[in-house]
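Please open the model in your viewer and keep the selection tool at hand. We will go from one selection to the next, and at each stop the text says what is there.

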Amino acid sequence: MPTVTDDKAASTAPAYTGPRWFFPSALIHELDHDASRSGRRPRRTARDWVVDFSCFFLAVLIGLLGAEALRDNTGLPHAVAVLDQVLGALSCAAVWLRRRRPFGLAAAMVPVGFLSETSGGVAIIALFTLAVHRPFRYVAWVAGAQLALTPLYFWWRPDPDLPYAAAVVLLVVLTVATVGWGMFVRSKRQLMVSLRDRARRAETEARLRAEQAQRLAREAIAREMHDVLAHRLTLLSVHAGALEFRPDAPRDEIARAAGVIRESAHEALQDLREIIGVLRAGDSEDAGRPQPTLAALDTLVAESRQAGMKVTLDQRVTSAASVPASVGRTAYRIVQEALTNARKHAPGAEVTVAVAGGPGEDLTVRVRNPPPEGDVPPVPGAGQGLIGLRERATLAGGSLEHGRTREGGFEVRARLPWR
């Protein structure tokens, strides 16, 4: 049963564009998906016309030889000879129907071939056409009937030049060879069709893989934009809110907050420009994009402290310079997102950041904050930050857990492999 993917692959597969005159119309009909779906009958190609004329002339030639043999057979009644030649002529005309009605013509030629010696060539041609265009079960019935009637035919009409046994064996060998040749041609055509279908599926799978790669790249860029900009914009929101609710603050504090807002806006705009530059250039994820490392944690914590947060950093990392870039970048993003969430959902609470590990061990990251003091107004958000962090940790070969603590606070725990 065809699947949705197969239907999509077939609907988008290109039509057959090869030299049509050189191939059979039935094969082109199978290769050309547009023609097969339309339901119209395939038109004869130049090769088909040559083959059909050759089959017609061969049937006529065999019929003329059979008529000459009938003329030499003086023991045959004249009416039977006339009926034999009439059936032979009609059979030769029916050769042109062999492509449209292969089974009907082959089945009709079983009794006709038994009664008419001049239609023997048409019977062989019809059997060959049936073996090419229809499954073996149809060929078995028709060929079996012809083989069963062969001994009776030569008993009724013995060959004047060959013994009875030799004539029977010769016709049996000719019938089997015709069936084998037709099945060989059919298998070659089925092989070409299967190879074409396989090529279509390969093209479709390649296109789907490319689309999936593009989708994953877009998701990675979206996560990167969220990680980079959410931290900056949260700083802007905190300082802007402080200026709004404390208009009577000291002048130097207002100036410092305005400076932080200006600096955060400038850095957010710079990060956004770099990310959009990557999208326009089509480079890889690591090219031209801000790539923080584990050493940038001090700067991140300092920025958070400037925004008014209480952050304690406990960094116990052996040989921090040898931390793999991907692991360090993932740890930085985890801490950045955790600080952003703590600043939004637990303002004023003291946050503890603990990072520990060494080569050959796991790098552990732990960010914890107590419950906020008083009621905190709900902060709008999609809630996708922690989901993206868990995906980052999983892609890095580690794991991430988060949840409420017994005291009512919140904790983010991550484990990253450091090989």
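Select residues 120-133, which form helix α7, together with residues 136-156, which form helix α8: the two helices pack at an angle of about 155°, and their axes are 9 Å apart. Helices here are DSSP runs of H or I with at least four residues, numbered from the N terminus, and the axes are lines fitted to C-alpha atoms over the stretch in contact, with angles from 0 to 180 degrees between N-to-C directions. This is a predicted model, in which local features need pLDDT of at least 70 and side-chain atom pairs count only at pLDDT 80 or more, while totals for chains, interfaces and linings use all residues. Residues are numbered from 1 along each chain as its sequence is written, and side-chain values use heavy atoms, leaving out hydrogens and water.

Because angles over 145 degrees count as roughly antiparallel, α7 and α8 are roughly antiparallel to each other.

Now show the side chains of Ala123, Leu127, Leu130 and Ala131 in α7, which meet Tyr138, Val139, Val142, Ala143 and Gln146 in α8; contact means heavy atoms within 4.5 Å.

Next, select residues 297-306, helix α11, where Leu297, Leu300, Val301, Glu303 and Ser304 are buried, that is, under 20% relative accessible area with a 1.4 Å probe, protein chains only. These residues lie on the same side of α11, because they cover an arc of only 155° around the axis, taken from the directions from the helix axis to the C-beta atoms. Move on to Gly308, which follows α11 and has a positive phi, near 100°.

Finally, display the whole protein: of its 419 residues, 37% count as buried.

Conventions:
Parallel < 35°, antiparallel > 145°, perpendicular 65-115°, else oblique. Buried < 20%, exposed > 50% of the residue type's maximum accessible area, 1.4 Å probe, protein only.
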